[in-house]
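Hi everyone, thanks for coming.

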Amino acid sequence: MKKFEEKTINTTSIYEGKVVDLWVDEVSLPNGRTAKRELIKHPGAVAVIPITKDNKIVLVEQFRKPLEKSLVEIPAGKVEIGEAPEVTARRELEEETGYTTNELSFVTSFYTSPGFADELMHIYITDELEKMDTPPASDEDEFVEVLELTLDEAKELVEQERIHDAKTNYAILYLHALGR
């Protein structure tokens, strides 16, 4: 057994949903004791840092039910089964903002909440945006407002906690570090 490894003794599926699956694992700890771990299985997600020709960040504002409030975020979404993250990134950019691009550059990937979920978020950036004449329809249960903000305006929204999620905060810090 590796230094910190927890060996699964038993797995119980609790819920299988459209976005996530929930299960509980009973594990053997490195010290020989056992514990229960509540775990969320997620197919992965992508987010795009879209920059317009006049150097504005394209963001979307949407209501987030778990928080009972709206947040301003970079466009993002769940990877569909069998879909490459770059394909998801372009699809989400188009559906949420009405922009498209032929130039996506990979920035990084990170686990969003490794204490209980396996969701891996892939981040892309583009400054080669084209406004679509006829953007694809958004998901029927998704309502967003598109915002185009300067980096300084986005930083103000961070201070106001209107931008308050990890992926968008990462994007703002990344653009700040690049001197955009």
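Strands β2 (residues 21-28) and β3 (residues 34-41) run antiparallel and are paired over 8 bridges; strands count as paired if DSSP finds at least two bridges between them. Together β2 and β3 make a hairpin with 5 residues between them, and Gly-32 in the turn has a positive phi of about 95°.

A word on the source: this is a predicted model, where local features need pLDDT of at least 70 and side-chain atom pairs count only at pLDDT 80 or more, while totals for chains, interfaces and linings use all residues. Residues are numbered from 1 along each chain as its sequence is written, and side-chain values use heavy atoms, leaving out hydrogens and water.

Stepping back, the protein has 3 helices and 12 strands. Those are DSSP runs numbered from the N terminus: helices are H or I with at least four residues, strands are E with at least two.

Now, which residues other than glycine have a positive phi here? Asn-55 is one of them, near 65°, and Glu-161 is another, at about 60°. Most residues other than glycine have a negative phi. Asn-55 sits in the loop between β4 (45-50) and β5 (57-64), and Glu-161 in the loop between α2 and α3 (166-178).

Asn-55 counts as partly exposed because its relative accessibility is 35%; buried means under 20% relative accessible area, exposed over 50%, and partly exposed lies in between (1.4 Å probe, protein chains only).
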